[in-house]
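Hi,

Here is the structure I promised to pass on.

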Amino acid sequence: MDKILVQNAGKFEGQKVKLNGWVYNSRRSGKIGFLLFRDGTGIIQCIIIKNDVGEELFDSFKTLTQESSISVVGEIVKNDRAPGGFELLLSSLEIHQLIEGYPITPKDHGTEFLMNHRHLWIRSKRQHAILRIRHEIIKATRDFFDSNDFTLVDTPIFTSNACEGTTTLFETEYFGESAYLSQSGQLYGEANAMAFGRQYNFGPTFRAEKSKTRRHLTEFWMVEPEIAYCELDENIEWAEKLITFIIDRVITNRKIELETLERKIEDLEKFRGEFPKISYTEAVEMLHKGGFDFEWGGDFGSPEETYIAEQFDKPVVVHRFPTAIKAFYMKRDPENEKVVLGMDVLAPEGYGEIIGGAQREDNLDFLLERIEHEKLPQEEFEWYLDLRRYGSVPHAGFGMGIERVVSWLCKLPHVRETIPYPRMIQTLRP
Ligand code: 4AD
Ligand code: MG
């Protein structure tokens, strides 16, 4: 007899199989029992008919409690009304652990309670669906770069310098000196691009974000492509293609999960393709027309980003930001030195920035000027400056925050549900 997974049940129609898992829910209607059984890949309904299985097995079924661990044996049958399209006609049941008092019940619990029980909460249908979509997004991201001739080149987490400003650095003691947890692998990504042409790095990044918002984590996962001989327009094209590829994959492979989250496929389909593009200056004009009191030169906050994104039905690319509000490594626009060749992708539906990137400053002197102006310790950047000394070329890249994308594609109210164990200000456990 085959030992199978719920998600493959359809391939075993008419066969007797075994499944290992846990009780999601159970109820009875007279002499028929209905057991919602989960195994981590999905939920299948098991039907237990007293007259067929006998009194002893039926009594044993009656004792089952939520999250007790069990194995079931039975025949897979088609039922179009059942979730997933198939059911199991149960013929035997083995109980591994019968439990009492599982903390999370079908009733409404507050967010704080659920967050404190995150290690159990991830078993719930909704959380499970989100994390499966997260996996799909990560897999799609890797497949996209792998199939476009990028090499995965890992970057360190312990670093001696800041990439994204010194205000959000996590400092740690490192054998008698200070080390900082990486805010972005980009600077190393640039070195990798000079060695591999097209590279991507992908890993956890850290920012001591002191503000509590629905978009910020202190530990989040970022994928960062970096491409040699690439300018701003091509960089934007890579971002568009990546997002479109991810959405296609999620639609194709995660229909059940999207349905669980009540996320409409038609809505996701609309987000694909070429994105509208506007300069920062055009975005500011747009804000003025919308009644915002916003001065050219400022950074967009969440209300501004939301308003700009609302003017489009696809993600919108904003480019050419004021030099003063952007990182030291962004290339100044040769046509207007007040702005840099940076770009952000803002997601629709109020999700804000999902991608931030730029063409990099490839001129050694301009870069030195920026390092000095930002009062960064030049000696810590000497290795990075070598990239401009030895074979400097136009190059560009971006960083996409996985959690922001999960949040948007799943239409979640808060980024804390997009990662198995979120880390935020005041959240270190479980
Ligand atoms: O815009 P950011 O800060 O860009 C960089 O770090 C560049 N060095 C990336 C590069 O060009 N290689 O961050 C990139 C993305 C943001 O667009 C957002 O999606 C995500 O990382 N992000 C966060 N996600 C969750 N919590 C936070 N605190 C985040 N900060 C940034
Ligand atoms: Mg940014």
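Before the first finding, one term: a polar contact here is a pair of N or O atoms within 3.5 Å, where one must be able to donate a hydrogen and the other to accept it. Please also keep in mind that this is a predicted model.

The side chains of Glu-136 and Asn-253 are joined by a polar contact of 2.9 Å. Glu-136 sits in helix H5, which covers residues 125-146. Is Glu-136 buried or exposed? Its relative accessible area is 7%, and the cut-off for buried is under 20%, so Glu-136 counts as buried. Leaving aside residues up to four places away in sequence, Glu-136 touches Arg-249, Val-250, Asn-253 and Arg-254.

Next, a pair of helices. H6 (residues 186-196) and H13 (residues 382-389) have axes that come within 10 Å and cross at roughly 35 degrees. The crossing of H6 and H13 is left-handed. Which residues make the contact? From H6 there are Leu-187, Tyr-188, Glu-190, Ala-191 and Met-194, and H13 brings in Trp-383, Tyr-384, Leu-387 and Arg-388. Sorted by class, the contact of H6 with H13 has 7 nonpolar residues, 2 charged ones and no polar ones.

Now for the strands, where E11 (residues 198-206) is the one to follow. Of the 9 residues in E11, 7 are buried, so the strand is largely enclosed by the rest of the structure. E11 pairs with two partners that I'd point you to. With strand E7 (residues 151-152), the pairing is parallel and runs over 2 bridges; there, Thr-151 stands opposite Gln-199 of E11. With strand E12 (residues 219-228), the pairing is antiparallel, over 9 bridges, and Phe-206 stands opposite Glu-219 of E12.

Last, helix H14, residues 402-410. Why call H14 largely enclosed by the rest of the structure? Because 8 of its 9 residues are buried. The buried residues are Ile-402, Glu-403, Val-405, Val-406, Ser-407, Trp-408, Leu-409 and Cys-410.

Cheers

Conventions
Residues are numbered from 1 along each chain as its sequence is written. Chains are lettered from A and ligands numbered from 1 in the order in which they are written. This is a predicted model: local features need pLDDT of at least 70, side-chain atom pairs count only at pLDDT 80 or more; totals for chains, interfaces and linings use all residues. Side-chain values use heavy atoms; hydrogens and water are left out. Buried means under 20% relative accessible area, exposed over 50%, partly exposed in between (1.4 Å probe, protein chains only). Helices (H or I, at least four residues) and strands (E, at least two) are DSSP runs, numbered from the N terminus. Two strands pair if DSSP finds at least two bridges between them. Contact means heavy atoms within 4.5 Å. Axes are lines fitted to C-alpha atoms, for helices over the stretch in contact, and angles run from 0 to 180 degrees between N-to-C directions. A crossing is left-handed if the near helix is turned anticlockwise from the far one by less than a right angle, and right-handed if clockwise. Ala, Val, Leu, Ile, Met, Phe, Trp, Tyr, Cys and Pro count as nonpolar, Asp, Glu, Lys and Arg as charged, and the others, Gly among them, as polar.
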